[in-house]
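Let's take a walk through the charged side chains of this one. Have the sequence and the model open side by side.

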Amino acid sequence: MVSVFPKISLKPEVEAYLQSVFKNKELLTTLGSEQSEFKFEALLSRLSHPPAFTSIRVNTCLASTDHVKKLLTEEIQKQFKGWPVSDVPVLEHPKLPDVLLIPVVGPRVNLQRHSFEVIVGAQCGNAVLRGAHVFIPGILSAPKLMKAGDAVSVYSDICGKCKRGAKEFMGSKAFVGNGTAELSRNEIFCSSSILRGVGIRMTEPVYISPSFDNLLSSFVFLQNLPSVVVSHVLDPKPGERILDICAAPGGKTTHIAALMNDKGEVIAMDKIASKLKKIKRNAENLQLKCIKVFCYDGTKALATEGTWDGQVGPPFTPESFDRVLLDAPCSGLGQRPNMACDWSLKEITSYQPLQRKLFRVAVNLLKPGGILVYSTCTITLAENEEQVAWALDSFPCLCLQPQEPHLGEEGMMGVGLSYDQLKLLQRFHPASVTEGGTSVCSSDMDVSQMAHLIKSANKDTIGFFIAKFVKVQDA
């Protein structure tokens with residue numbers, strides 16, 4: 001069965017759970033059943049599509065946003081030369097001075113399909129939808145007679161049923177574009193060594209988005225818009241000591257360091273050693289020196305009596321950080337594009353206890369008067385607003401704070417938080433402002449067209465949640 005961007009595929013019990021979240025009693029009372037159902041179905045549909053914009057964070061420690069904008073414009077013109085799109089503009093975000101936005105063009109549903117079909121894994125398919133070529137490890141199936149130079153159509157294996165090395169696949173798949181094979185089928189599947197280069201070079205993707213493979217790597221960092229907002233909300237200052245308690249892969253860590261002008265100390269922790277390499281590599285690429293990386297379990301980062309002996313790294317003494325970012329491990333249901341999630345309900349709902357353990361540590365490590373920012377890239381109440389309600393009840397020393405910038409919507413009803421409290425939260429819903437993709441895509445747009453585009457960048461993004469707390473000094 002071939003589909004073009006169906007709604008996200010979920011296990012029935014997971015979809016029923018999410019439906020209960022988005023049709024909870026408070027929302028039904030406010031919106032009514034019909035509107036609640038419409039918003040829920042729209043959410044499921046949007047999750048399988050990429051955001052309307054590629055957002056790029058500029059490393060302002062090395063270059064100005066204006067300079068990088070000029071370099072990016074030149075590179076994109078080279079990439080899109082000969083493509084059926086008009087001049088794609090590079091836009092400056094009016095509220096985020098270190099962010100550039102590039103409209104994504106699509107979906108192009110009328111592309112001609114080729115007889116040779118290549119099947120790729122879901123993660124690879126998602127990457128293609130955001131501008132990547134197909135790398136060899138992502139290829140699961142290729143035709144028996146495929147050779148280098150052949151035109152092929154690329155499909156994503158929605159449900160993870162395709163076996164690597166298959167010659168054809170008749171299961172559920174979604175068309176993500178056309179490309180040219182860089183190698184033959186035999187070279188891909190019969191090589192004695194592990195191949196990692198480009199296997200299919202995309203020539204007609206369903207969504208047109210620039211490729212950033214090794215592009216201006218010291219000057220730019222690809223980062224979803226809400227993830228950039230988080231560090232601005234934390235608002236780190238030069239000379240402060242900041243803790244990023246679950247830091248991998250380091251996007252927010254490096255942003256925090258850049259906002260501090262690389263002056264101060266940013267402690268980045270993660271308990272998985274392999275992930276730390278990404279943090280270090282990103283810090284090196286961006287030439288940031290104030291980041292210290294430690295392989296450590298965040299739930300054990302608070303030193304108890306007798307466990308701290310003056311060491312530089314974790315565990316840390318109480319009240320030793322000016323600001324703490326807890327970008328918590330979560331179910332990740334806000335990530336886009338995501339055509340299928342095969343997690344069970346037990347897995348989806350398993351994160352709340354871990355998040356609370358990490359939160360307790362974060363509060364204890366924060367100095368009086370310090371700022372704690374909690375964020376997730378998921379859409380559930382249990383991992384977001386419910387955690388805020390629990391935090392306010394469990395820690396009288398914490399008060400919610402206004403967020404700047406506030407580009408998302410207010411928090412979602414359903415856990416008994418007051419309207420004033422919900423207004424202090426920031427929730428990004430994956431909602432489409434420009435149905436059918438970005439229709440205006442020219443470098444000579446007028447001011448009103450640009451304003452409309454940027455509005456859609458703030459709305460049509462990944463699902464994300466941010467809460468900001470201050471630790472009251474006299475609590």
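Is K252 buried or exposed? At 12% relative accessibility, K252 counts as buried, where buried means under 20% relative accessible area, exposed over 50%, and partly exposed in between, using a 1.4 Å probe and protein chains only. Its partner is D327, and the two side chains meet in a salt bridge at 3.1 Å, N to O. This pair ties together distant parts of the chain: D327 sits in strand 16 (residues 321-327) and K252 in helix 8 (residues 251-259), 75 residues apart. Helices (H or I, at least four residues) and strands (E, at least two) are DSSP runs numbered from the N terminus. D327 is buried too, with a relative accessible area of 17%.

A quick word on the ground rules. This is a predicted model, so local features need pLDDT of at least 70 and side-chain atom pairs count only at pLDDT 80 or more, while totals for chains, interfaces and linings use all residues. Residues are numbered from 1 along each chain as its sequence is written, and side-chain values use heavy atoms, with hydrogens and water left out.

Now for the wider picture. The structure holds 19 salt bridges, each one a side-chain nitrogen of Lys or Arg within 4 Å of a carboxyl oxygen of Asp or Glu. One of them joins D235 to K237, with the closest N and O atoms 3.1 Å apart. Here D235 is partly exposed at 32%, and K237 is partly exposed at 35%. Another links K147 with D150 at 3.3 Å between the closest N and O atoms; D150 is buried, at 13% relative accessibility. Finally, look at K7, E15 and E41, which are linked in a network of salt bridges.
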